[in-house]
Amino acid sequence: MMTNKKEILETIDRIYKQRRYNAELSKERKIRKLCEKSKEFADICDKIKLAGLKLSKASLMENKEQIAKYSKILDTLISKRTKLLIDMGYSSDYLEPDYVCKACHDTGFVVSDDKVEVCKCRTQLFIELLYEQSKLKDILKHHNFDNLNLDFYSKEVDVKEGLSPYKNMLKIVEEAKKFVENFDKPNQKNLLFYGPTGLGKTFLAHCIAKEIIDKGKTVIFLDSISFFEILKDKYSKMLRLYDEVSDEEYKSLEEVDLLIIDDLGNEGKNAEFCHGVFQSLLDKRHLLGKKTVITTNYSLDGLVTVYSQFIMGRLQEYFMFLHLFGEDVRIIKAKLQLEKRTSEIS
């Protein structure tokens, strides 16, 4: 799934601009009503407005004396207004803008100790918009546990595996449902589905996504190519020492409740340089207690040839490996449909 980052960021900026406007508008309405109730309050508000204008003019002129003078006057007037507010039966913070997020004042960024960081509310908003853009909601109407059909998996025992593809899938589905049930438990391992194409790995990931979303949690579903594009961007910024406040995409990968990476390994060798970022992300999500589901067409031996021992070590530590085997379900379905059409014609 490729994302339109520019479109998402523009939408986020519009949302925050509207939120700030609504907060200031609400404050102005409160001031107008209080001015109608009290002439003394109205007079103080007029003086505050005038002092504010003079302070702005002094700031533009870079007149330090005037800045100090009108800053002091403004502080005194605001203190008087606050005291009057309390005397009128209101709380001291009654005129504070009613921001949706108190931490960032609906800017999306928090400033602390001369450091600017992305606010959690902005990351959350990015995740929600990413989900809407991915069209995952439409996919999950059909790809869910209710529509999971195991009839296409053979009940004949696979000599090499020691059980049939059907019984194997029963066990895997059971593990997937346990994962959903124990999602918030710290000892619940992440899941990695591996095996040849056409055995339902992505379908299972979709089933899990549906259940987790229904729990009110956030989900990001990315194919490996899109996932590694974000890691490449992060790697590039790290090399050039860019300020990380604009790292919404990578930040969302760290903080989303469930991250699903589909078809791991399909990103190719041109992504090897950012494997360190991948490892770092796995560690960060583990420390935060966030869950991850990965699907791959590679065997375990194949994964070892693609990824470093460090990444494989993390995968083995953080994930439960679930092996799917059997005949390609899509081929079986296609054969059945062909047989059905042939019989209808004859």
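Is Gln188 buried or exposed, and what is its relative accessible area? Gln188 is buried, with a relative accessible area of 15%, where buried means under 20% relative accessible area, exposed means over 50%, and partly exposed lies in between (1.4 Å probe, protein chains only). This is a predicted model, in which local features need pLDDT of at least 70 and side-chain atom pairs count only at pLDDT 80 or more, while totals for chains, interfaces and linings use all residues. Residues are numbered from 1 along each chain as its sequence is written, and side-chain values use heavy atoms, with hydrogens and water left out.

Gln188 lies in the loop between helix H6 (165-181) and strand S3; helices (H or I, at least four residues) and strands (E, at least two) are DSSP runs, numbered from the N terminus. Leaving aside neighbours within four places in sequence, Gln188 is in contact (heavy atoms within 4.5 Å) with Lys178, Phe179, Asn182 and Lys291.

**The sheet and its helices**

Five strands form an open sheet in the order S4-S5-S6-S3-S7, with parallel pairing, two strands being paired if DSSP finds at least two bridges between them. Strand S4 (219-223) and S7 stand at the edges with a single partner strand each, so one side of each is left without a neighbour in the sheet. From one strand to the next, the twist averages 15°. S4 is mostly covered, since four of its five residues are buried.

Helix H8 (residues 224-239) packs on the sheet and touches S4 and S5, its direction making about 100° with that of S4. Such angles run from 0 to 180 degrees between N-to-C directions, and axes are lines fitted to C-alpha atoms, for helices over the stretch in contact. Helix H10 (residues 275-288) lies across S5, strand S6 (291-296) and S7, and runs at about 150° to S5. Helix H9 (residues 248-255) and H10 pack at an angle of about 45°, with their axes 8 Å apart. H9 and H10 are therefore oblique to each other, because angles under 35 degrees count as roughly parallel, over 145 as roughly antiparallel, 65 to 115 as roughly perpendicular and the rest as oblique. Residues making this contact include Tyr250 and Leu253 of H9 and Val277 and Leu281 of H10.

**Aromatic rings**

Rings of Phe, Tyr and Trp (its six-membered ring) pair if their centres lie within 6.5 Å, with planes under 30 degrees apart counting as stacked, over 60 as edge-to-face and the rest as tilted. By this rule the count comes to eight aromatic pairs, including the two in the table.

| Pair | Centre to centre | Between the planes | Type |
|---|---|---|---|
| Tyr194 and Phe321 | 6.3 Å | 65° | edge-to-face |
| Phe227 and Phe228 | 5.2 Å | 85° | edge-to-face |

Tyr194 lies in strand S3 (residues 190-194) and Phe321 in strand S7 (residues 319-323), so their pair ties together parts that are 127 residues apart in sequence. Tyr194 counts as buried at 13% relative accessibility, whereas Phe321, at 22%, counts as partly exposed.
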